[in-house]
Structures are given as structure tokens and as C-alpha cells.
Amino acid sequence: MWIESVEATGYVGTAKAAENVVGHALSQQGLKELDIASLVKGSNYRNKTELVQAVRDGEFHLEPNTFYAQPLGSQKSPDFIAVTEEEVFFIEVKASKTTSGYQFNTHLIRDDFTYVLSDPSVGFKVVPGFQIMDSEVREMLYECHQQCTAIQRKWNEKISAHLSNTQGWEYYARPMYTQKNVYA
């Protein structure tokens, strides 16, 4: 299976290098790479985001033995959707130059995602999302983000209303989640 192939690989670097390992493993497993954008055209969904959500909800079924790289673009999760005869995997790849130094930009860990983690200490490790983050911790981080967003909104109202802000400056707090003990 693709998981064993990925986990047998040593550390190759971050970002695209780590994603290439996963894409290669999926291809070697016999999965055919397809483009999700072409599926939107022949569906009742307005865009890729709606279609991927329908796949997550079990309302739209992708062809077995296929995979889709960057189905929502390079800045949104997941990095891959892989469809075998038995299962659909939403795969997010995280690689770090330091041991367990992973960053999760703009989203919390999702229970239904499969995370491919890579750093120099372990090479590659495939972990189900539900094993990475406790639901109570997820809720606290979510609440933290909601409060930060409210503070951001309040300050941006003040900043936008300031007479000397003729250039339209605003503050944007991007959600960034980090952890250090994924293998503990």
C-alpha cells in the first residue's frame, strides 16, 4: 500500500519534495492522477471547494484507483485526495527541517484527514488525524482563534475609521497552529 512505501522513505526535505514522495507512492500503487477541476464541469457543484466537501460528506464519489494532487490549490488542504477500492484518503503533507516542528496554517487538524509527517528524525510517518489532536485541545484552539478574530475585527474598525489612515491599512491575524511532540 502507498502508506508503507511512504514510511519506507528517508527524509528528503520540506514542501514540494515531501509532496513528491507521496505523489510517487500513489502512482507506484497504481493510482491514476486526475484533475479535480475537470470533474466540476460535469457536476452540479459550482466550484472545487463544493465538490471536495461533497466527497468528504459522502455525497459525491470519485473514481476508484485515482488520486488528485492539490485539489483545492497549493494553499488549501488537503494536498491529495487518494481513492482506493476500499477507502478515500484526504492527505495533508507536513515536513519540517527540525524534529516535530510542524506548522498547520489556516486549519486545525481534521479527524478525517491522513497526515504525512516528515522530519530528519523519522523520515516519513503516516498518522490519522484523530491520533494527532485531542478534541478538547481542538476546541480550545478553535475558541482562541474566534477570540483573536473578534479582537482583530474591533481593532480594524478603529484603524479604518482613523482619519490619518488614508491608505486603508488593516491588521490580519492568520491562524497558525504548531506543535512539538507529535511522536511523544
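Strand 6 (residues 113–119) is mostly covered, with 7 of its 7 residues buried, where buried means under 20% relative accessible area, exposed over 50% and partly exposed in between (1.4 Å probe, protein chains only). Helices (H or I, at least four residues) and strands (E, at least two) are DSSP runs, numbered from the N terminus. The model is a predicted one, so to speak of local features takes pLDDT of at least 70, and side-chain atom pairs count only at pLDDT 80 or more, while totals for chains, interfaces and linings use all residues. Residues are numbered from 1 along each chain as its sequence is written, and side-chain values use heavy atoms, with hydrogens and water left out.

Both faces of strand 6 are covered. One side carries Phe113, Tyr115, Leu117 and Asp119, the other Thr114, Val116 and Ser118, and all of these are buried. As for its pairing (two strands pair if DSSP finds at least two bridges between them), strand 6 runs parallel to strand 4 (residues 88–95) over 6 bridges. Ser118 of strand 6 is the bridge partner of Ala95. Strands 6 and 7 make a hairpin, with 3 residues between them.

Arg138 sits in helix 6 (residues 135–161) and counts as buried because its relative accessibility is 16%. Leaving out residues up to four places away in sequence, Arg138 touches Leu108, Ile109, Asp111 and Met133, a contact being heavy atoms within 4.5 Å. Glu33 belongs to strand 1 (residues 32–33).

Now for the whole chain. It holds 6 helices and 8 strands, in the order α-α-β-α-α-β-β-β-β-β-β-α-α-β. The C-alpha trace spans about 60 × 45 × 30 Å along its principal axes. Of the 184 residues, 37% are buried. Among contacts between residues at least 6 apart in sequence, 48% join residues at least 24 apart. The accessible surface comes to about 11,100 Å², with 51% belonging to carbon and sulfur atoms; areas come from the Shrake-Rupley method with a 1.4 Å probe, and for residues only the protein chains shown count as cover.
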